[in-house]
Amino acid sequence: MSGVIVTDVPRADAAGVAALARYGVATVHEALGRTGSLGPRLRPIQQGVRVSGTAVTVLCWPGDNLMVHAAVEQCREGDLLVVTTTSPCTDGLFGELFATALRRRGVRGLVIDTGVRDTEELRTMGFPVWSAAVCAQGTVKASAGSVNVPVVLGGQVIRPGDAILADDDGVMCVPRDQVAAAVEAAAARTAKEEASRAAFAEGELGLDRYGLRETLSRLGVRYVTAEEYDRDGTPS
């Protein structure tokens with residue numbers, strides 16, 4: 001396999017990407033119609049961190065991190081590195097030395113669909129990572145891959161320059177031409193949730209606020225007393 005390194009990819013609007021970080025992954029995911037999630041496989045090595053950035057994508061061979069080295073040169077302030085491999089791999093393709101180089105270039109974090117190591121050092125230095133595995137297994141630097149080409153993680157196509165949002169709930173991708181709409185939709189959903197939160201704090205039930213009693217009735221769910229239940233058994 002030969003590869004390419006694309007050097008001049010367009011990036012999502014920086015202000016819009018930064019605005020996404022005001023909202024959680026769950027909120028933006030729901031606001032966009034439950035789209036964009038990279039699934040449960042990618043987990044944070046730290047807690048209490050939320051970042052957003054523009055994707056610099058990397059496609060490596062399993063057990064080989066040559067193209068991560070190549071990708072560092074293509075990174076700039078506000079980017080977030082996104083790494084995957086041509087077939088499944090859990091080797092530790094990324095560690096503290098990479099993070100040191102990336103932080104110097106203003107990279108906000110890493111999303112990697114394979115293994116990462118030096119996790120204690122990464123947490124200490126405050127470089128956030130979401131990975132599919134933690135593994136001390138080392139790698140080689142011998143195989144050609146690609147940088148800044150479309151890649152697939154968690155069933156989602158990520159294109160270079162797309163916005164990536166990550167927090168304790170996982171990772172999601174917002175296509176670069178949808179960032180402004182995502183911010184607007186997330187703000188509207190947040191306002192709606194704040195109103196619901198205030199109502200719940202006053203004692204209102206979700207059954208009433210969301211009109212769910214009608215849904216229960218339509219589905220044939222009945223309210224019965226304990227005596228009726230004991231006498232008649234579980235309703236069919």
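**Note on buried positions and salt bridges**

1. D113 is buried, its relative accessible area being 15%; buried denotes under 20% relative accessible area, exposed over 50%, and partly exposed anything in between (1.4 Å probe, protein chains only). The model is predicted, so local features need pLDDT of at least 70 and side-chain atom pairs count only at pLDDT 80 or more, while totals for chains, interfaces and linings use all residues. Residues are numbered from 1 along each chain as its sequence is written, and side-chain values use heavy atoms, with hydrogens and water left out.

2. The side chain of D113 meets that of R41 in a salt bridge, at 2.2 Å from N to O. The term stands for a side-chain nitrogen of Lys or Arg within 4 Å of a carboxyl oxygen of Asp or Glu. Because R41 lies in the loop between α2 and β1 (43-44) and D113 in strand β5 (residues 110-116), the pair ties together parts that are 72 residues apart in sequence. Helices (H or I, at least four residues) and strands (E, at least two) are DSSP runs, numbered from the N terminus. R41 is partly exposed, with a relative accessible area of 42%.

3. A second salt bridge joins R50 and D167, whose closest N and O atoms are 3.6 Å apart. This pair also links distant parts of the chain: R50 belongs to the loop between β1 and β2, D167 to strand β10 (residues 163-167), and 117 residues separate them. D167 is buried at a relative accessible area of 5%, whereas R50 is partly exposed at 39%.

4. D208 and R213 form a further salt bridge, with the closest N and O atoms 2.5 Å apart. Both partners are partly exposed: D208 has a relative accessible area of 43%, and R213 has 37%. The search of the whole structure finds eight salt bridges.

5. Which residues of helix α3 (residues 66-74) are buried? They are M67, V68, A70, A71, V72 and Q74. The cover over these buried residues includes β2 (51-60), β3 (79-85), β4 (92-94), α4 (96-104) and β7 (146-147).

6. Helix α2 (residues 25-31) contains T27. T27 counts as buried because its relative accessibility is 14%. Neighbours within four places in sequence left aside, T27 is in contact (heavy atoms within 4.5 Å) with A186, R189, T190 and E193.
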